[in-house]
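Please open the model in your viewer and switch to a cartoon view, keeping the selection tool at hand.

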Amino acid sequence: MIRILTSSDNKTIFGVINDAAQAYEGIIPADRWKEPYMPMEELKEEVDAGVKFFGWEEGDVLIGVMGFQPIKDTTLIRHAYILTKYQKRGIGRKLLSYLMSLAKTPEILVGTWEDATWAIQFYEKYGFKLVAPKEKDRLLRKYWNIPERQIETSVVLKFERSSV
């Protein structure tokens, strides 16, 4: 079941993100890795900035989370994480499809680490296309609030409704 998550879910969201983010250790630049990957304060800042988290639950267990952020003239998919032991079961696809159905903008953007090839391939399976490096830099500076080092080591994928 998919439901919108609230601040009362923050501790569980924190657990899902930091479990799933272990896949990035040793993959992303060492200077961008930290423990926990997303501290609670950063999670709260993301929510305060307008990221709405949705979750996939089975029983009373939150298994996956994905953020949704309408911003300016686009929609961002943010922080997509599935508990490690539940990955490769279609939960990410279900969350992504649901959030894409909520988007009111003609384009949807997602940013991820350039070395996270599994994440890039996941989004490409659902019609997202990598943007050129200069466009990536422009989009990351316009829609995300991330350090320059993260801009250097990230990619942006774009889904355009007109291309469907």
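Helices (H or I, at least four residues) and strands (E, at least two) are DSSP runs, numbered from the N terminus, and two strands are said to pair if DSSP finds at least two bridges between them. The model is a predicted one, in which local features need pLDDT of at least 70 and side-chain atom pairs count only at pLDDT 80 or more, while totals for chains, interfaces and linings use all residues. Residues are numbered from 1 along each chain as its sequence is written, and side-chain values use heavy atoms, with hydrogens and water left out.

Begin by selecting the strands: 7 of them form an open sheet with mixed pairing, in the order 1-2-3-4-5-7-6. Strand 1 (2–4) and strand 6 (129–130) stand at the edges with a single partner strand each, so one side of each has no neighbour in the sheet. Helix 1 (residues 10–20) packs on this sheet, where it touches strand 2 (52–58), strand 3 and strand 4 (contact means heavy atoms within 4.5 Å).

Next select strand 3, which is largely enclosed by the rest of the structure because 8 of its 11 residues are buried (under 20% relative accessible area, with a 1.4 Å probe and protein chains only). Strand 2 and strand 3 run antiparallel and are joined by 7 bridges, with Gly55 opposite Val65 in strand 3. In their hairpin, which has 2 residues between the strands, Gly59 takes a positive phi near 65 degrees.

On to the following hairpin, formed by strand 3 and strand 4 with 2 residues between them, where Lys72 in the turn has a positive phi of about 55 degrees. These two strands are also antiparallel and joined by 7 bridges, and Gly67 stands opposite Arg78 in strand 4. Then move to strand 5 and strand 7 (residues 154–160), an antiparallel pair joined by 7 bridges, and find Trp113 opposite Ser154 in strand 7.

Finally, select Tyr24, Ala80, Tyr81, Thr112 and Tyr123, which lie nearest the centre of the largest pocket among its 47 lining residues. A pocket here is an open set of points on a 1 Å grid over the protein atoms alone, where a 1.4 Å probe fits, with protein on both sides within 12 Å along at least five of seven lines; lining residues have an atom within 4 Å of a point. Elements giving two or more residues to this lining include helix 2 (40–48), strand 3 (61–71) and strand 4 (74–82).

Key:
Axes fitted to C-alpha atoms, helices over the stretch in contact; angles between N-to-C directions. Buried < 20%, exposed > 50% of the residue type's maximum accessible area, 1.4 Å probe, protein only.
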